[in-house]
Structures are given as C-alpha cells and as structure tokens.
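Okay, everyone, thanks for coming.

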Amino acid sequence: MRRRAKWFLLLPIVLLGLAHADRDPDSLDNWRQASRASVGLAPDPAVAREPIVQVYAARAVRWRGYFGVHTWIAAKRGNAPAFTVYEVTGFNVRRGGSAVRVSQRQADGRWFGSSPELLADLRGAGVDAVIGRIERAVGAYPYQDSYRIWPGPNSNTFTAFVLREVPELRADLPAHAIGKDYLGPRVFARSPSGTGVQVGLFGAVGVLAGLEEGLELNVLGLTFGIDPNDLGLKLPLVGRIGFDAPLPRPCCRPGRRVPAPRSI
C-alpha cells in the first residue's frame, strides 16, 4: 500500500514535468511581447480559395499554461481574403465587454508565444454552410458576459459549445482543455465531437463517451481517459500520451499530431 501511495504522489510531479517540457519559453518569460506569428499550419487564403474550418489549441498564458490550453476556431469562406478567428478571452469581460472575440488575427498564430496544435481541418464543398452554422452558434453562446478559468465558462467552454453544432468537424478537444465539459445548468449533452454523449455537473464532475473522444472521466475539472482510436491515454496537464506515429511538420515540435484535411 505504501508503494502505491508513493507512486500516486509522484504522478502530479511527473505530469507537471511533462507539462513544463511542452511549454514554449516565450510564453513564460515575456508573454506580453511574445510572438503571435503564424506557425505555418493554416493555408494562405490567396492560394487556397476553398472554404476552410480549422480548430486549434495552444498552451495558455503564464502559469495557467501548466494546467491547460486555450482553444479557438478559424474559418474562411470560399474565396475570402482572410480567416476569421472565433474565441473567448477574459480580457474584455474584466473591462465590462463581451467574452466572445471575433477577429482576423493569424488563424494559426502563436498564443502569446505558445505554438498551436491543429485539432481539426475541414474544407471543400459544403463547408460554407458549416461556417454559417458556426456563426449562428457563436451568436447563441449563452455566456457572452462571463468568464471563469475553472471550471468554466471559458475559452474551451465556448469552443465545445460551437463544436456541438458542427459535428462534421469531429474535433476531439484535448484532456487539458479545462472548461470543455462545463454545461451550465444542463446535465446531459452531446460530446464536443458530436460522436457521443456526456453527463456532467457544472464542469466539476462528469463522464463522457464518444467515438472520437473515447472514454473520459472528469474529476474536479481534471480529465482522465482512454482513446482507443489512437491508442492513447488522456491525462490532465499533458493532454494525451499516445503510441501512434506523429505526422512530421516543420512548424511543430516532435510528438505533435497534425490531422489531415477532411471533406464533408
């Protein structure tokens, strides 16, 4: 029993060490002046004229980045000259504004120094209609004037809310996207990927099962789970530890997966 207790106590230290290894130095030291530049995951709108929707996640700012990620959705209609980014931040709420931010910043820009990971990529015929549903879902987001780091509503609550309206994306939000399971007063909902269901109480406890997500257990906002599709474990602070081979991209650190573009 003592040996098991020691291993249990070591787990948070190991997870924190793995989270630190995943941090970008700029996001820790000088985040206010850190890079927001593109990392090369989003196509050039001048070249890719088709409609495109992408979902991203990047480590959060400062100490929060040890525990979780910030997620956002970038969309470009057919022949549009730029991507539109939809996300939620707490900056405007503290100033009395809306939590929802719609801008034309770099779709794949670093989040105050943190390199983003591409979670989903949908493009081609029929995607303009999907973008229309995204815009309606953004307008219907019920927590426009609220922001809480834990257990939500926050940026991941927003992304999960919108994704439930566009199951074509089949996006699997990472385990350390704290707030993705916040359902407000609801108890039951579709999983963010649209391929399963979840049960939860105010984002603090819950269970999720889906074809994309696998099986997840939420305890006080910390997610533990199994992803049979990619032979991976889902863990707090690190997101996912998997055994599938990552696709190499020059923009990304080793071990980060880049999903292939999908069509409807």
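So, strand S2, residues 69-76, and strand S3, residues 84-88, pair in the antiparallel sense over 3 bridges. If you want a spot to look at, find Ile73, which stands opposite Tyr86 in S3. Do keep in mind that this is a predicted model.

Now zoom out a bit. S2 and S3 belong to an open sheet of 5 strands in the order S4-S3-S2-S1-S5, with antiparallel pairing. S4 and S5 are the edge strands, each pairing on one side only. From one strand to the next, the twist averages 15°.

What lies across this sheet? Helix H4, residues 127-140, lies across S1, S2, S3, S4 and S5, and runs at about 50° to S1. Then helix H5, residues 155-164, lies across S1, S2, S3 and S4, at about 40° to S2.

On to the rings. How many aromatic pairs does the structure hold? There are 9. Take Phe91 and Phe112: their ring centres are 6.3 Å apart and the planes sit at 80°, so we call that pair edge-to-face. Phe91 is in helix H3, residues 91-94, while Phe112 is in the loop between strands S4 and S5, so the pair ties together parts that are 21 residues apart in sequence. Buried or exposed, those two?

Another edge-to-face pair is Tyr141 with Tyr143, at 5.5 Å centre to centre and 80° between the planes. Both of those tyrosines are buried.

Two arginines come in here. The charged end of Arg36 sits over the ring of Phe112, 4.2 Å from its centre. Arg105 lies over the face of Trp72, at 4.4 Å from the ring centre.

Last stop, the other sheet. Here 7 strands form an open sheet, antiparallel again, in the order S6-S7-S8-S9-S10-S11-S12. Its edge strands are S6, residues 188-190, and S12, residues 239-242, and each pairs on one side only. Neighbouring strands are turned by 15° against each other on average, direction ignored. Within that sheet, S8 (residues 205-210) and S9 (residues 214-219) pair over 6 bridges, in the antiparallel sense. Which residue in S9 is the bridge partner of Ala209? That's Leu215.

Methods:
Residues are numbered from 1 along each chain as its sequence is written. This is a predicted model: local features need pLDDT of at least 70, side-chain atom pairs count only at pLDDT 80 or more; totals for chains, interfaces and linings use all residues. Side-chain values use heavy atoms; hydrogens and water are left out. Two strands pair if DSSP finds at least two bridges between them. Helices (H or I, at least four residues) and strands (E, at least two) are DSSP runs, numbered from the N terminus. Axes are lines fitted to C-alpha atoms, for helices over the stretch in contact, and angles run from 0 to 180 degrees between N-to-C directions. Rings of Phe, Tyr and Trp (its six-membered ring) pair if their centres lie within 6.5 Å; planes under 30 degrees apart count as stacked, over 60 as edge-to-face and the rest as tilted. Buried means under 20% relative accessible area, exposed over 50%, partly exposed in between (1.4 Å probe, protein chains only). A charge sits over a ring if NZ of Lys or CZ of Arg is within 6 Å of the ring centre and within 35 degrees of the ring normal. Contact means heavy atoms within 4.5 Å.
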